[in-house]
Amino acid sequence: MMLKALCLGLLCVIFVSHFYTPMPDNIEESWKIMALDAIAKTCTFTAMCFENMGIMRYEEFISMIFRLDYTQPLSDEYITVTDTTFVDIPVRLYLPKRKSETRRRAVIYFHGGGFCFGSSKQRAFDFLNRWTANTLDAVVVGVDYRLAPQHHFPAQFEDGLAAVKFFLLEKILTKYGVDPTRICISGDSSGGNLATAVTQQVQNDAEIKHKIKMQVLLYPGLQITDSYLPSHRENEHGIVLTRDVAIKLVSLYFTKDEALPRAMRRNQHMPLESRHLFKFVNWSILLPEKYRKDYVYTEPILGGLSYSLPGLTDSRALPLLANDSQLQNLPLTYILTCQHDVLRDDGLMYVTRLRNVGVQVVHDHIEDGIHGALSYMTSPFYLRLGLRIRDMYVSWLDKNL
């Protein structure tokens with residue numbers, strides 16, 4: 001009996017030491033976030049064990065969990081919800097039922113999920129897009145782009161761009177009663193990456209008649225050129241999203257080859273011919289001093305990967321690499337960043353770069369924010385933080401779109 005109790009106690013100690021992440025003092029609902037973080041890390045640990053044992057790949061296990069949260073397109077008394085396709089790309093469409101004397105505003109939303117997981121059908125994103133459509137009396141489109149690693153870059157970008165270009169066609173805007181001068185592209189996390197890249201493409205393409213009025217980027221991931229930013233160091237073992245998990249997911253966006261994440265962890269993955277791109281992600285210049293702190297900037301080491309991946313130097317994959325001339329044509333931009341987020345500095349640097357070329361930017365920084373907070377807006381995992389970010393997002397859209 002004593003031995004069993006000792007073994008159980010030892011297992012508990014191992015579990016707590018492996019999955020416990022100390023909570024910052026300013027975190028709201030810290031006990032709930034601690035539980036959610038433990039669940040996320042337990043799922044990651046289980047997925048990695050299964051992968052190492054050859055049972056199933058990491059992303060297959062996590063995707064299986066995500067799919068349990070998918071919803072059906074249920075309409076209500078205010079919104080008609082349908083699953084349809086835009087040029088073979090699945091989308092979930094939200095159309096207000098009340099009559100409108102004028103054409104409506106529209107929001108195109110790209111969900112997060114590390115390029116590998118998720119869908120607009122997820123409970124949280126369905127809730128967010130439904131809320132947006134009802135509150136703004138707007139047409140909302142949730143885009144279900146193809147996922148990695150079954151489909152590598154540029155499949156996700158191509159799907160996003162094709163869906164947006166289709167929606168911007170005159171006949172489609174007329175069909176859904178949308179005002180072509182009041183369209184926004186939004187996204188969170190990896191969806192923020194796609195929203196950024198697609199907006200850059202649309203605004204700089206002379207053949208696209210209708211342009212985007214604004215873009216909204218919620219804790220976006222915009223680069224991996226430098227994988228050792230201050231936010232990567234501070235949140236290496238961060239809440240919900242760790243540096244290792246972020247690197248694994250973005251690696252799968254490009255390839256299944258394990259050499260890439262190994263090189264990324266050492267910050268040695270960029271090809272020899274990419275040095276000219278470092279100025280676009282030089283955090284020692286682009287980050288506000290508050291976030292640079294006492295960290296010392298070290299340029300990434302080139303050539304640590306034995307082969308070259310074109311996506312690593314492509315601004316369609318890593319939109320922070322876009323040059324200034326590509327940024328000058330961008331619309332009004334809202335960027336939200338979270339303090340306790342491994343991706344925090346991507347958004348902060350993009351704020352600086354956009355302002356440097358004269359783009360109007362509104363930036364909100366959530367001091368007690370964590371990555372993926374919008375995924376926690378529905379029972380049983382709702383956080384007040386997620387609802388607060390939802391309200392900030394929708395309120396800003398209402399005032400500006």
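Mentor: Keep in mind that this is a predicted model.

Trainee: What makes S2 and S4 (residues 139-143) a pair of strands?
Mentor: Two strands pair if there are at least two bridges between them. S2 and S4 are joined by four bridges, so they pass that cut-off, and they run antiparallel.

Trainee: And how do you know that S1 (residues 79-86) pairs with S2?
Mentor: With the cut-off at two bridges, the eight bridges between S1 and S2 settle it, so they count as a pair. They run antiparallel too. Thr84 stands opposite Val91 in S2, for instance. The hairpin of S1 and S2 has two residues between the strands, and Val87 in that hairpin takes a positive phi near 45 degrees.

Trainee: Why is S2 described as largely enclosed by the rest of the structure?
Mentor: A residue is buried if its relative accessible area is under 20%. Six of the eight residues of S2 (residues 89-96) are buried, so the rest of the structure largely encloses this strand.

Trainee: Which way does S3 (residues 104-110) run relative to S4?
Mentor: S3 and S4 run parallel, joined by five bridges. Val107 stands opposite Val140 in S4.

Trainee: Why is the pairing in the whole sheet called mixed?
Mentor: Look at two of the pairs: S2 and S4 run antiparallel, while S3 and S4 run parallel. The open sheet has eight strands in the order S1-S2-S4-S3-S5-S6-S7-S8, and its pairing is mixed.

Trainee: What makes S1 and S8 (361-370) edge strands?
Mentor: Each has a single partner strand, so one side of each is left without a neighbour in the sheet. On average, neighbouring strands of this sheet are turned by 20 degrees against each other, direction ignored.

Trainee: What lies across S6 (214-218), S7 (332-340) and S8?
Mentor: That's helix H14 (residues 344-356), running at about 150 degrees to S7.

Trainee: How are H4 (residues 123-136) and H15 (residues 384-400) packed?
Mentor: Their axes are 10 Å apart, at an angle of about 35 degrees. H4 passes H15 in a right-handed crossing. Among the residues that meet are Phe127, Leu128 and Trp131 in H4, and Leu387, Tyr393 and Leu397 in H15.

Trainee: How do you know whether Asp144 is buried or exposed?
Mentor: Its relative accessible area is 11%, and the cut-off is under 20%, so Asp144 is buried. Asp144 is found in the loop between S4 and helix H5 (155-167). Leaving out residues up to four places away in sequence, Asp144 touches Ile89, Pro90, His111, Ser119, Ser120 and Lys121.

Trainee: How far is Asp144 from Gly118?
Mentor: Their C-alpha atoms are separated by 8.5 Å, and the two residues are 26 residues apart along the chain.

How values were computed: Residues numbered from 1 in each chain as written. Predicted model: local features only at pLDDT ≥ 70, side-chain atom pairs only at ≥ 80, totals over all residues. Heavy atoms only, no water. Buried < 20%, exposed > 50% of the residue type's maximum accessible area, 1.4 Å probe, protein only. Axes fitted to C-alpha atoms, helices over the stretch in contact; angles between N-to-C directions. Contact = heavy atoms within 4.5 Å. Left-handed = near helix turned anticlockwise from the far one by under 90°.
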